[in-house]
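Hi,

Here is the structure I promised to pass on to you. Have a look at it first, and then read my notes below.

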Amino acid sequence: MRLSTLTTFLAFLAAHADGQIYTGPRDPRIETALTLDVPTNGVSTTPDGRLFLVLARVDGSKGAQVVEYNTTSKTMTPYPNEEWNSYSEGKDPATHLVRINSQRVGPDGKLYLVDVGSPAFGEPVILPLGPKLVQVDPNTNEVSRIYHMGNSTFSNSLLDDVRFNPKTGLAYLTDAGEPGLIVLDLASGISRRVLNTDVSTQGATPVSAEGTYLLSASGGFQYVYADQLEVSPDAKWFYFQPANGGMSRLETKWLDQAYYNSSLAGEQLAGYVEPFALTPSTGGTAIDAHGNIYVSDTDSQRIITVAPNGTKTVLVQDPRLLWIDAMWIAGTKLWMPAAQLNRGTPFGNGKSNVTKPLYAFTIDIGVGPSPIDHA
Ligand SMILES: *[C@@H]1O[C@H](CO)[C@@H](O)[C@H](O)[C@H]1NC(C)=O
Ligand SMILES: *[C@@H]1O[C@H](CO)[C@@H](O)[C@H](O)[C@H]1NC(C)=O
Ligand SMILES: *[C@@H]1O[C@H](CO)[C@@H](O)[C@H](O)[C@H]1NC(C)=O
Ligand SMILES: *[C@@H]1O[C@H](CO)[C@@H](O)[C@H](O)[C@H]1NC(C)=O
Ligand SMILES: *[C@@H]1O[C@H](CO)[C@@H](O)[C@H](O)[C@H]1NC(C)=O
């Protein structure tokens with residue numbers, strides 16, 4: 001495509017968000033699991049029933065970013081403790097949670113916190129010690145390891161989310177600020193970037209929600225690059241996409257080879273990337289034991305199931321599913337935290353239009369999580 005044609009095409013797309021707000025009835029299969037006064041953009045659980053939340057603070061509230069939620073007393077406790085959650089300018093960015101974008105319990109039972117390392121959305125990353133993957137041991141409630149990611153991030157990086165390949169000991173992370181993927185060896189702690197600014201890690205359109213493209217604080221369209229990612233239950237496939245959708249897949253063996261041989265990490269690796277599913281603007285994903293990927297459509301308040309052969313079906317659509325962010329499967333329930341991120345301060349010129357209370361919903365999907373994702 002000639003550059004002028006491409007520019008015209010992108011301008012057209014940018015002017016025509018095609019999402020339709022859903023105003024239909026509620027779906028009675030949805031259960032309210034949590035009622036909160038602050039938005040959560042991620043839920044994870046341990047097999048013995050502990051529950052951890054990441055709090056996006058896009059409503060302008062202050063306080064802990066990662067909490068353990070006590071379902072009996074309905075109270076939140078800063079996790080792993082108050083001090084880790086007390087970051088402010090002047091404190092050590094290496095040993096405090098600067099800004100947590102996501103959290104999840106890994107296949108090893110540890111809780112992993114993905115720290116962007118920048119004090120606020122759109123602000124530069126504090127290099128080299130801000131961006132990190134923090135591993136917490138739920139048995140001791142202590143930080144058990146810190147993976148510093150400063151060598152594979154840039155000042156405009158947005159370290160977004162993480163998945164694991166227990167068969168090779170590598171972890172995969174997305175960079176939504178500077179398009180690319182990061183592969184991390186959990187044993188050595190050494191990380192490397194791959195697919196930098198590849199078409200598969202970039203977003204062709206801004207992120208859209210409730211039928212409107214998101215605007216950044218500076219008034220421009222908000223692009224969010226490589227964001228959602230999943231590993232298939234047999235560890236063969238790695239799935240990934242920018243937040244505006246368009247999911248690609250790549251065999252993990254190529255990704256892993258590119259980690260060990262950096263001459264493969266660019267064009268050669270890109271040659272193995274396949275388009276997988278035309279997904280919409282997405283808040284979060286989860287993968288089940290059969291390899292079905294659940295994708296939350298931020299425009300139309302629905303969850304789409306993408307089967308391993310790429311076919312899509314609608315699992316559920318409900319007006320309450322407002323920007324479902326990182327999803328999670330526990331037992332046979334799909335957790336859907338309705339974060340209302342698009343209504344938050346980063347996209348409202350500093351003003352929050354979040355409607356309270358906020359909810360995390362569940363729906364029974366009749367199948368458990370991918371066993372290599374978490375127990
Ligand atoms: C949760 O809260 C209840 C009631 O306050 C308390 O008895 C229980 O020990 C708490 N559980 C945990 C894991 O802290
Ligand atoms: C970052 O790179 C430097 C120089 O190559 C190296 O000494 C250091 O160990 C690296 N740090 C991490 C956390 O990978
Ligand atoms: C790395 O990949 C390049 C390109 O395919 C290849 O020529 C080279 O032999 C590989 N190096 C190693 C150490 O495998
Ligand atoms: C793809 O998978 C779905 C779900 O398992 C199945 O219903 C459908 O028939 C499959 N389609 C093709 C073309 O194989
Ligand atoms: C705020 O959210 C409400 C829905 O709760 C919507 O009707 C309204 O247009 C939003 N206002 C702005 C400024 O986005």
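Predicted model: local features only at pLDDT ≥ 70, side-chain atom pairs only at ≥ 80, totals over all residues.

Strand E24 covers residues 328-330, and E24 runs antiparallel to E25, with three bridges between them.

E25 itself spans residues 333-338, and five of its six residues are buried, so to speak "mostly covered". E25 also pairs with strand E26 (residues 358-364): they too run antiparallel, joined by six bridges. Here Pro-337 sits opposite Ala-360 in E26.

Now zoom out to the whole chain. It has three helices and 26 strands. A compact globule of 375 residues would have a radius of gyration near 21 Å, and the chain's 19 Å agrees with that. Along the principal axes, the C-alpha atoms fill a box of roughly 60 × 50 × 45 Å. Of the 375 residues, 58% are buried.

What about contacts? If you take those between residues at least 6 apart in sequence, 53% join residues at least 24 apart.

Last, the surface and the charges. The chain exposes about 15200 Å², with carbon and sulfur atoms supplying 52% of that. There are 27 positive and 37 negative charges, and their mean positions lie 2 Å apart.

Cheers

Methods
Residues numbered from 1 in each chain as written. Chains lettered and ligands numbered in written order. Heavy atoms only, no water. Helix = DSSP H or I, 4+ residues; strand = E, 2+ residues; numbered from the N terminus. Rg over C-alpha atoms; globule rule 2.2 N^0.38 Å. Buried < 20%, exposed > 50% of the residue type's maximum accessible area, 1.4 Å probe, protein only. Contact = heavy atoms within 4.5 Å. Areas by Shrake-Rupley, 256 points an atom, 1.4 Å probe, with all protein chains shown as cover. Lys, Arg positive; Asp, Glu negative; His and termini not counted. Charge placed at Lys NZ, Arg CZ, Asp CG, Glu CD. Pairing = 2+ DSSP bridges.
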